[in-house]
Amino acid sequence: MTPAARPSQHAPELRAAARHMGRRRFLTVTGAAAALAFAVNLPAAGTAAAAELDPAQITDDPFTLGVASGDPPPLSASLERGDPHPGSVLLWTRLAPTPYQPDGGLPAERVTVHWELAHDENFRRTVRRGTATAHPEFHHTVHVEVTHLDPDRVFYYRFRVGSWVSPTGRTRTAPVTHAPVSGLKLAAVSCQAYADGYYTPYAHLAQDDVDMVFHLGDYLYEYAINSVGNNRNYTDRTLPDLFNHETLTLEDYRLSYALYKSDPDLMAAHAAHPFVVTWDDHETENNYADDIPENNVPPEEFLLRRASAYRAYWENQPLRRPQLPEGPDMRLYRRLHWGRLAQFDVLDTRQYRSNQAYGDGAQLPGPDVDDPARTMTGETQERWLIDGWHASRALWNVVPQQVTFSQRKLDLNPVAKVSMDAWDGYRASRRRVLDGAKAAGVDNLMVLTGDVHVGYAFDIKDDFDDPASRTLGTEIVATSIASGRDGSDKPANWNTYMTANPHLKFYNGRRGYVTVALGREQARADFRTVPYVTRPGAPAATAASFISEVGEQGLKPA
């Protein structure tokens with residue numbers, strides 16, 4: 001979604017850092033780390049080892065931001081690491097007795113954190129326990145990778161610091177890649193602007209029975225949040241003024257994550273289910289493309305901001321060590337397996353893309369959208385995706401990613417406008433991906449999408465302008481958790497979109513999430529919505545359900 005460009009408000013320290021460092025030096029690991037430290041005042045190397053905090057000095061609950069888990073790994077990834085045991089879980093927490101302060105209420109000292117994993121939520125059958133260090137350089141976040149676990153089973157986990165014990169989380173390991181799994185139920189979520197409303201859909205998702213949750217981007221927004229939480233209109237609290245400006249520096253991004261992750265419904269969803277996360281644009285800046293920002297600022301300056309955003313993202317998400325960023329670069333695309341049932345190719349459509357054509361926004365498609373030199377994913381990621389399909393032995397090949405993949409005409413004119421930020425603005429890139437799926441013999445393709453703050457269900461056509469052409473797969477678009485405020489069942493452009501796009505089978509503008517049950521014979525998508533988010537307590541309902549049969553792609557009402 002593209003609001004009008006705002007005047008540049010980049011912080012002076014970012015501009016100063018950019019002036020002192022050329023682009024080539026910045027893009028080296030050493031240069032990027034130096035620039036990041038210069039811009040955001042990171043502690044010097046070795047600070048974390050200088051002192052250890054006595055847990056007795058932590059007099060307030062440090063687990064104010066809850067717990068999380070993520071990324072059940074495939075067997076193949078375990079073997080690549082030389083680990084013969086595919087069972088592994090990634091556990092996350094952050095210590096922050098006062099999360100709305102820049103230091104979280106802790107000194108720049110390391111803290112020893114005890115963790116425990118069990119078969120039962122009462123921790124009578126403990127499976128593994130150990131310690132991890134919460135370093136101040138990583139804002140006292142903890143990422144614990146627990147290995148050598150039984151595959152395909154549920155576990156419970158918790159953390160302890162001194163006398164403080166965290167909430168209990170529930171997670172699970174993935175099946176081994178050759179396992180003949182009969183079913184999997186996932187949820188897909190996206191776009192959770194704190195300022196737009198309450199996270200009520202997460203309260204319902206926390207109670208839903210799913211194996212894992214895919215977050216498809218816009219976990220936070222860079223925009224200012226006022227003392228009453230904007231559209232939340234708080235009357236029982238006053239948010240500090242430090243949130244009431246655009247997010248620019250590492251400190252800003254860290255504080256934003258603290259605000260977002262302090263929401264009790266989001267904490268409940270993270271505690272209930274493992275999350276597989278990928279970003280879109282707002283975790284850094286609206287509609288950026290590679291090193292090109294929304295506003296007219298030098299790439300060096302923007303890359304400093306991007307490095308800060310990427311570091312804060314890794315710190316605050318249940319991600320593994322391979323995703324740890326190096327300055328402004330972070331390998332987020334990755335592949336997960338769920339037995340022989342499903343392969344998930346999680347994409348990053350922001351970090352490597354060409355600049356949006358024709359000034360971005362809704363535009364008439366010109367020759368640039370069909371330029372084979374332009375890319376949505378970058379050449380390396382595109383080749384990785386298609387090569388992965390050739391090697392896949394899964395029944396379902398699922399692509400969790402960010403922006404609308406299917407053609408989406410925005411009006412009824414003979415030549416309709418389309419979104420330059422979506423795959424419609426990168427048609428040559430989309431054509432290569434679809435041709436790659438065909439060449440690899442992918443029979444059951446599903447794309448999971450976020451970004452647009454509505455729920456869609458598309459048939460993916462070989463030729464979107466020919467309704468009779470072959471259906472190559474389905475696209476399920478998860479509506480937003482809160483972004484866009486309450487929304488409506490039928491937005492004003494509902495008739496236009498449904499008429500202009502015969503491959504669009506469903507369109508709903510409420511907030512919510514979608515669940516997808518993958519089976520050996522069919523997939524079923526249930527679009528879960530709530531009637532409002534600008535006040536708490538909304539009920540949830542299923543707005544529509546669709547199935548797509550194995551070997552016969554195309555959505556049908558369930």
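**Figure 1. Confidence and overall make-up of the chain.** The chain has an average pLDDT of 91, and 89% of its residues score at least 70; pLDDT is the predictor's confidence in each residue, on a scale from 0 to 100. This is a predicted model, in which local features need pLDDT of at least 70 and side-chain atom pairs count only at pLDDT 80 or more, while totals for chains, interfaces and linings use all residues. Residues are numbered from 1 along each chain as its sequence is written, and side-chain values use heavy atoms, with hydrogens and water left out. The chain contains twelve helices and 24 strands. These are DSSP runs numbered from the N terminus, with helices being H or I of at least four residues and strands being E of at least two. Among contacts between residues at least 6 apart in sequence, 72% join residues at least 24 apart.

**Figure 2. Helix α7 and its surroundings.** Helix α7 covers residues 250-261, twelve residues in total. From its first C-alpha to its last, α7 reaches 16 Å, close to the 16 Å expected at 1.5 Å a residue; the expected span is 1.5 Å times one less than the number of residues. Eleven of the twelve residues of α7 are buried, so the helix is largely enclosed by the rest of the structure. The buried residues include Leu 250, Asp 252, Arg 254 and Lys 261, along with Tyr 253, Tyr 257 and Tyr 260.

**Figure 3. Packing of α10 against α11.** The axes of helix α10 (residues 379-391) and helix α11 (residues 427-439) come within 8 Å and cross at roughly 15°. Axes are lines fitted to C-alpha atoms, for helices over the stretch in contact, and angles run from 0 to 180 degrees between N-to-C directions. The two helices α10 and α11 are therefore roughly parallel to each other; angles under 35 degrees count as roughly parallel, over 145 as roughly antiparallel, 65 to 115 as roughly perpendicular and the rest as oblique. Their crossing is right-handed. A crossing is right-handed if the near helix is turned clockwise from the far one by less than a right angle, and left-handed if anticlockwise. On the α10 side, the contact is made by Glu 382, Leu 385, Ile 386, Trp 389 and His 390. The α11 side contributes Ser 429, Arg 432, Val 433, Gly 436, Ala 437 and Ala 439.

**Figure 4. Helix α6, its crossing with α8 and its cover.** Helix α6 (residues 200-207) and helix α8 (residues 264-272) have axes that come within 8 Å and cross at roughly 25°. That makes α6 roughly parallel to α8, and the crossing of these two helices is left-handed. Thr 200, Tyr 202, Ala 203 and Ala 206 of α6 meet Asp 265, Leu 266, Ala 268, Ala 269 and Ala 272 of α8. Within α6, the residues Thr 200, Pro 201, Tyr 202, Leu 205 and Ala 206 are buried. Their cover includes β9, β10 (212-215), α8, β11 (275-277), β21 (511-519) and β22 (522-530).

**Figure 5. Thr 404 and Ser 406 in a loop.** Ser 406 lies in the loop between β15 (396-400) and β16 (418-419), and Thr 404 is found in the loop between β15 and β16. Ser 406 is buried at a relative accessible area of 0%, and Thr 404 counts as buried at 1%. Leaving out residues up to four places away in sequence, Ser 406 touches Asp 424, Arg 430, Phe 458, Asp 459, Ile 460, Phe 464, Glu 475 and His 503. On that basis the partners of Thr 404 are Ala 422, Trp 423, Thr 449, Val 452, Phe 458 and Glu 475. Ser 406 and Leu 504 are 98 residues apart in sequence and 8.8 Å apart in space, C-alpha to C-alpha.

Figure 6. Most residues other than glycine have a negative phi. Phe 123 has a positive phi, near 60°, and sits in the loop between β3 (111-118) and β4 (126-134). Phe 123 counts as buried at 8% relative accessibility. Cys 191 has a positive phi of about 55° and is found in the loop between β9 (183-189) and α6. The relative accessible area of Cys 191 is 0%, and this residue is buried.

Notes:
Buried means under 20% relative accessible area, exposed over 50%, partly exposed in between (1.4 Å probe, protein chains only). Contact means heavy atoms within 4.5 Å.
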